Amino acid sequence: MKHTIDARGLACPQPVILTRTGMKDHSEIEIIVDNETALENVKRLTESSGWDFEYSSSGDNFRINIRSKDIVSENLAGSKQTANSEKNDTIVVFSSDKMGSGDDDLGSILIKACINTITSLDTIPSKIIFYNSGVKLAAEESGVNDDLEFLHSKGTDILICGTCLNFYNISDKVKIGTISNMFDILTAMNNAANIIKP
Amino acid sequence: MNCNTDTLYFVALFPSVSHVMKAEKLLIAENLPIKIIPVPKIISSDCGVCIRFNFDISDRIKLILDQNFEGIEYRQL
């Protein structure tokens, strides 16, 4: 029987957490959300888990229908690990727009040189994550956008905290990467073999 | 830069990182497109940062930097 999750009015990352919890016990779920970020987050979760995803919009709401490809509910952990082992499993986490602590002006010079240097590493990271003031680095005039575009073109996923973009009021200045949430960010960090935190 | 090998780049090398920080502010205030990068290993093995810019704005950059600093070296990449 189809399971229904009403995630309207819930803040990120609740809709995606509820969906993931539901996926453990059900093979077919309808999720109702009221914003596009939640829609995208649920879409990524289901796709990375190998589920079918479709949705329809009515007014301000989106009705999402997801279905396990194996009718018997599959274990999610297994399929995730396969996806991760394809690439170098290092991720880089920018929790600030400065490198290290001490002098802020020095820190902002260093972080630019740092991101430029990532483009020259033998193996590039599988993911780069930005949160708190780190999200400012992903904005257009940060001075490192060409480096991020280069890394993105080579297959690095760029995850940017949506809450943080809203807080710093720069959502419209970020043209690269994926607007992400606490759940996806923690999942990526949890699955990584190495985390670099400049 | 790795993604574009056709562009002709210069770097300005400074006596210290404090000079780089001050120069970056000056050049950004002039709306000049510059980029902070580590000093390329072919130039120096020391840990350091420098300012990279395109050939087409090199005259303007050199003018501003030479007015404000002493001891800057320019290299073509």
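This is a predicted model: local features need pLDDT of at least 70, side-chain atom pairs count only at pLDDT 80 or more; totals for chains, interfaces and linings use all residues.
Select helix 2 of chain A, residues 36-48. This helix lies across strand 2, strand 3 and strand 4 of chain A. Its direction runs at about 165 degrees to that of strand 3 of chain A.

**The sheet of chain A**

Chain A has an open sheet of four strands, in the order 1-2-4-3, with mixed pairing. Look at the edges: strand 1 (3-6) and strand 3 (51-58) of chain A each pair on one side only. From one strand to the next, the twist averages 15 degrees.

Zoom in on strand 1 of chain A and its partner, strand 2 (residues 28-33) of chain A. The two pair in the parallel sense, over four bridges.

Move to strand 3 and strand 4 of chain A. Here the strands run antiparallel, joined by eight bridges. Pick out F53(A), which stands opposite I66(A) in strand 4 of chain A. Strand 3 and strand 4 of chain A make a hairpin, with two residues between them. Stop at G59(A) in that turn, where phi is positive, about 65 degrees.

**The interface**

Bring chain B into view. Select the residues in contact: 15 from chain A and 14 from chain B. Together the two chains bury about 1,200 Å², and 63% of that is on carbon and sulfur atoms.

Turn on side chains. How many salt bridges does the rule find across the interface of chain A and chain B? There are five. Centre on K112(A) and E24(B), whose side chains meet in a salt bridge at 2.3 Å, N to O. With both residues at pLDDT 80 or more, five residue pairs are in polar contact between chain A and chain B.

Colour the chain A side by element. Helix 4 (104-118) and helix 5 (145-153) of chain A are the elements that give two or more residues to the side touching chain B. The largest share, seven residues, comes from helix 4 of chain A. Now colour by residue class. The side of chain A that touches chain B divides into five nonpolar, five polar and five charged residues.

**The sheet of chain B**

Chain B has an open sheet of four strands, in the order 2-3-1-4, and the pairing is antiparallel. Why is one side of strand 2 (35-38) and of strand 4 (73-76) of chain B left without a neighbour in the sheet? These strands stand at the edges, each with a single partner strand, so one side of each has no neighbour there. The twist of this sheet averages 35 degrees from one strand to the next.

Select strand 2 of chain B and strand 3 (residues 49-54) of chain B. Four bridges pair them in the antiparallel sense.

Finish with helix 1 of chain B, residues 17-29. This helix packs on the sheet and touches strand 2 and strand 3 of chain B. Its direction makes about 30 degrees with that of strand 3 of chain B.

Methods
Residues are numbered from 1 along each chain as its sequence is written. Chains are lettered from A and ligands numbered from 1 in the order in which they are written. Side-chain values use heavy atoms; hydrogens and water are left out. Two strands pair if DSSP finds at least two bridges between them. Axes are lines fitted to C-alpha atoms, for helices over the stretch in contact, and angles run from 0 to 180 degrees between N-to-C directions. Contact means heavy atoms within 4.5 Å. Buried area is the accessible area (1.4 Å probe) that two parts lose on being put together, summed over both. A salt bridge is a side-chain nitrogen of Lys or Arg within 4 Å of a carboxyl oxygen of Asp or Glu. A polar contact is a pair of N or O atoms within 3.5 Å; within protein, one must be able to donate a hydrogen and the other to accept it, and residues adjacent in sequence count only if both atoms are side-chain atoms. Ala, Val, Leu, Ile, Met, Phe, Trp, Tyr, Cys and Pro count as nonpolar, Asp, Glu, Lys and Arg as charged, and the others, Gly among them, as polar.
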